[in-house]
Amino acid sequence: MAEGKPIRFGTYSEMQSLPGGSYYEDVWETLRHIELADRLGYEYTTTLEHFFFPGFSISADPLAFFSAAAQRTRRIRFRTVCHVLPLHNPMVLASQLATADILTDGRIDFGVGRGHGWIHEPAGMQMEESQQRYLECLEIVTRGLSQDKLTYNGKFWSVSDVEIVPKSVQKPYPKVYMAGTSGAAFRVAAQNGWGIVCGGPAPFAFFHDAIQIYRDACREFGTEPDVCTVRTVYMDEDADRAHREIKDVLLTYYQHAMSPIDSVQDPKVKERLLEAGYGFYAGDAFQQMRAMSYDDIIDQEMALVGTPDQVAQRLGDFLEQGRYQEFSVIHHLGGIQSWQVAKTLELFARQVRPALDGILV
């Protein structure tokens, strides 16, 4: 094994809510999963910020959610993957982030991104503005938390001698993690010594080039790479039973998670997506994932299903080859039962993780 640091392990929930379900129960159930993850020793828990499409996620206020979770946990850290920065007033978001950092006792990261291509129009914002708003908002938040007074003159926001209060516990501000598929944006992360997050329900081929750009940029700027990845995991002591229990849940998850792409299928909207740098959403990748069979998902290792020994072997190879610094288990899929989540989180913590302790990156 190469010398390095142990891999960090966490959990991830998109907080998917299916038709006929209860938003109330979905939120509280996810919170109970985080309490379990904390007791089992996971270092991180993550969710996203998302609006308008419950089949994808109802996680509309992750800072409030994490602030509540912090009162019921002791050690686990929290990260949003990601705050949709173009939709935020950065001065207000900086104050909200600092408040959440206080309420979590310094256990929060600042996950950032431009957001999914389908999310800006329903929020009343033109997608063509999203990239510039994203980077401008990011600069204002980090400057606002690290300076006594903020003066900024930009295209979308201009302020003079504004004090952002309160200030965060972590100095100068919580660590930043960028999410997305853009190598250009990831160069910004590398230059600043920030981490990146890739993965989710998509094949890792979608992220390979962007990750390589980030690693090359880290070498260029003399910073340390911090690449985090997430993947669906489901386990049982009997492999056949694991596949039987998760098959319908996993297929339902993909069908609903891919459904927001229907809102941007108009040819004119696709042209705008391309102009806005959202080529990933203008292509057919989402429709291809929606059409995948269960065997396709398993064969492409978009989900790791089997016994703890099988998952540990496949995951160990994957983590060593990819040199990832963190791996998070996607544990909550719409329609999954609470006992299924608990079983996988416990088996991973007690059997898979010990088998991977020798991997250093």
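A cavity is a set of grid points where a 1.4 Å probe fits but cannot get out. The views below are of a predicted model.

**View A. The largest cavity, with a volume of about 30 Å³.** One cavity of 30 Å³ or more is counted in the model. Its lining is made by Phe-9, Leu-40, Gly-41, Tyr-42, Ala-349 and Arg-353. Sorted by class, these lining residues are four nonpolar, one polar and one charged.

**View B. Helix 1 against helix 13.** Helix 1 covers residues 23-40 and helix 13 covers residues 338-356. Their axes come within 10 Å and cross at roughly 20 degrees. Angles under 35 degrees count as roughly parallel, and helix 1 and helix 13 are therefore roughly parallel to each other. The crossing of helix 1 and helix 13 is right-handed. On the helix 1 side, the contact is made by Glu-29, His-33, Leu-36 and Leu-40. Helix 13 contributes Ser-338, Val-341, Ala-342, Leu-345, Glu-346, Ala-349 and Arg-350. By class, the contact residues comprise six nonpolar, two polar and three charged. Leu-40 and Ala-349, both part of this contact, also line the largest cavity.

**View C. The largest pocket, with a volume of about 740 Å³.** The lining of this pocket consists of 37 residues. Nearest the pocket centre lie His-116, Ala-179, Gly-180, Thr-181 and Tyr-281. At least two lining residues come from each of helix 4 (130-146), helix 5 (183-192), strand 9 (195-199), helix 9 (279-282) and helix 10 (285-290). The lining divides into 23 nonpolar, 11 polar and three charged residues.

**View D. The cis peptide bond between Val-81 and Cys-82.** Omega for this bond is about 10 degrees. Cys-82 is placed in the loop between strand 3 (77-80) and strand 4 (83-84). Most peptide bonds are trans.

**View E. The cis peptide bond between Lys-171 and Pro-172.** Here omega is about 0 degrees. Pro-172 sits in the loop that runs between strand 7 (158-162) and strand 8 (176-179).

**View F. Phe-52, a residue with a positive phi.** The phi of Phe-52 is about 80 degrees, although Phe-52 is not a glycine. Most residues other than glycine have a negative phi. Phe-52 belongs to the loop between strand 2 (44-47) and helix 2 (62-70).

Note on methods. Residues are numbered from 1 along each chain as its sequence is written. This is a predicted model: local features need pLDDT of at least 70, side-chain atom pairs count only at pLDDT 80 or more; totals for chains, interfaces and linings use all residues. Side-chain values use heavy atoms; hydrogens and water are left out. Axes are lines fitted to C-alpha atoms, for helices over the stretch in contact, and angles run from 0 to 180 degrees between N-to-C directions. Helices (H or I, at least four residues) and strands (E, at least two) are DSSP runs, numbered from the N terminus. Angles under 35 degrees count as roughly parallel, over 145 as roughly antiparallel, 65 to 115 as roughly perpendicular and the rest as oblique. A crossing is left-handed if the near helix is turned anticlockwise from the far one by less than a right angle, and right-handed if clockwise. Contact means heavy atoms within 4.5 Å. Ala, Val, Leu, Ile, Met, Phe, Trp, Tyr, Cys and Pro count as nonpolar, Asp, Glu, Lys and Arg as charged, and the others, Gly among them, as polar. On a 1 Å grid over the protein atoms alone, a cavity is a set of points where a 1.4 Å probe fits but cannot get out, and a pocket is an open set with protein on both sides within 12 Å along at least five of seven lines; lining residues have an atom within 4 Å of a point. Grid points are joined across faces, edges and corners, and a volume is the space filled by probe spheres set on the points.
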